[in-house]
Amino acid sequence: MRRTALLLRKDLRVLRRSPLLLAVLVSYPLLIALLLALVAGYANAKPRVAFVDNDNLPEKVEIGGRTFHVERTIRRVSDDVVLVPLERSEAERQLRNGKVVAIVRVPAGFVAQLRAMQRSPQLELETTRGLLASRVTQQMQALVYSLNRELQDAFIAANLRYVDLILHGGKGTFLGRRFDVLGLERAESRVRDPEVREFIEVAQLALDQTDDALEATANPIELRTNTAGGRTWALSAQVQAYALALVTTFLAAVLAGAALAAERDERVLQRLARGLASLGEVLASKVALAALVAAVLGLGVALAFGVAVEAAGVEGGEPWSRMPALVPALLLAGAVAGAFGALVATLAREARSATLVAVLVVLPIVFLGIVPREAAPAAGWVSDVLPFAHEVRLFDALLYELDPWRTVLVEAGWLLAIGTVLVAAARTLMRRLTA
Amino acid sequence: MIRARGVSRRYGAHVALHETDFDLSEGELVALVGPNGAGKTTLLSVLAGALEPSAGTVERRVPTGWAPQRPALYSRLTPRENVELFARLAGAPSAAVDLPERPAAELSVGQRQRLNLALAFLGEPRVLLLDEPTAALDDDRRAVLWQQVAALCAEGGAVVFATQLHEETERADRVVQLHGGHVE
């Protein structure tokens, strides 16, 4: 323990003398975190969708006595997707080369069918197999749903006008034919049969209720949507958890790997192996170095995010009260990443290779950790046996879940298990360093 | 003071040191000579415990100091910090070192070699294993080193050193010739 502490102190002293290295090690993962956030932001960007109008839609369409502005409807869709008016052949070409992710086609006769109110006209949606396609499908379904809502209102209004005609009589049009209706009110005064009069009275009462009933039948459940203030993506819990895990993993792995490999490059390991410090003690000092530096810098990153969250006046997180709990999590995550870095160093031939390999290996691990499990289940399985995804979930739960402890225990357990395996493997392979 | 039996060392398929026996007695000054790649460094490293033998045993009965051919030290630490750290790791008192207070990486080759030798003398070893110790040293420093070596041997200690210089072998009580990993 004393020897481990001596070596750790030496490593910290060496690190203090390498401010440029430290700055790069801190700024590089933050840069990656920012890029990831930008990619996440891009994922939220509007996909391009081709709009093929085979019906020559007019500016306005009148249905059931209500006027629909085609231009306004298209603009509303553009809140979610970029709708690009294209000829059919060009749209298909762009769908094939990926410039658009879907084609919305308005078939010929669409408006005429809509006006006739007899059959439901069809909008055609053609998508690619890409990840964005499902989003576009959902957005188009949402658009059709909202259009249907408006059309329903128009249709119901039209139907109610017919009911009104039946009740009170008057002139109307149906399927292009004009007609004059007597109406139940006037019919009642002309009928003498008491049973028929009673029927008319009941029918009038029933039809009076049609208005509300028809509305209720058309919309059994209504969804009222409110847009509440929330965090921007840059301050989102997910981005913060990614940033913490990235700083921890990247910094700790590279630092521990480089420190151990440097000791071999300087041929000091052979001197230490002469009974001055065991290989286990040397390994422990590197893991401790990684844990300590990850904790200090991770806490700095968390504090910086906390200040930004406060300054932006956003709510919904636990930036301050959970900070103390973050320290052991950072230590654990740093130690595991440090063990991983040490393992890389035992496999590499010298410090530069170790650093390069650590960077090259950490990046795919990070990207594997951010691939959604639903998108690629295999990536999720691989990520389960690597530390990054567990670190993200651990930090996310610790900072932002109301009741995080179950997740914390599970993820910490995973990290402990992974760390144990990595330390054992590194310890076994360390003999190569003095060979 | 040191007893090695059937010691060999392989690097993959290459055998750097074939089954070798070696004994070192009190007061002895032994020179290891031989062409490049003869196995001098490997034998010294194995005797020092810095390298595990592939086969055979090495018995060290007294504290042993070791100065490898290429200095083994922390290049980001100053000479004083290097000496303090290795002394504390060995549980030995630190020693003064007359070298500039700047990182070892910034020292001259000769200064680094002096630091390398200073580390070998930490903890008052009874046996010194020195791999080409005078390389890069100026005449004065060489003279000081040989005085220290002679003093140790006179006090009942022992020294084994590897060298390429014929005149240095004349100081030795015994010369061990190595060739192709074999003692001749």
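Glu92(A) is partly exposed in this predicted model. Arg105(A), by contrast, is buried at 9% relative accessibility. The two side chains meet in a salt bridge, 3.1 Å from N to O. Arg105(A) sits in strand S5 (residues 102-106) of chain A and Glu92(A) in helix H4 (residues 88-97), 13 residues apart. The pair belongs to a network of salt bridges that also takes in Arg88(A), Glu124(A) and Glu126(A).

Now turn to Glu263(A). This residue is buried, with a relative accessible area of 1%. Glu263(A) forms a salt bridge with Lys10(A), with the closest N and O atoms 2.7 Å apart. Glu263(A) lies in helix H10 (residues 237-265) and Lys10(A) in helix H1 (residues 2-16), so the bridge ties together parts 253 residues apart in sequence. Lys10(A) is itself buried, at 5%.

Glu263(A) also forms a salt bridge with Lys286(A), at 3.2 Å. Lys286(A) lies in helix H12 (residues 279-312), so this pair joins parts 23 residues apart. Lys286(A) is buried too, at 0% relative accessibility. Over all chains, the structure holds 18 salt bridges.

Step back to chain A. It has 17 helices and eight strands. Of its 435 residues, 43% are buried. Among contacts between residues at least 6 apart in sequence, 71% join residues at least 24 apart.

In S4(B), Ala55(B) is the bridge partner of Ser8(B).

Notes
Residues numbered from 1 in each chain as written. Chains lettered and ligands numbered in written order. Predicted model: local features only at pLDDT ≥ 70, side-chain atom pairs only at ≥ 80, totals over all residues. Heavy atoms only, no water. Pairing = 2+ DSSP bridges. Helix = DSSP H or I, 4+ residues; strand = E, 2+ residues; numbered from the N terminus. Buried < 20%, exposed > 50% of the residue type's maximum accessible area, 1.4 Å probe, protein only. Contact = heavy atoms within 4.5 Å. Salt bridge = Lys/Arg side-chain N within 4 Å of Asp/Glu carboxyl O.
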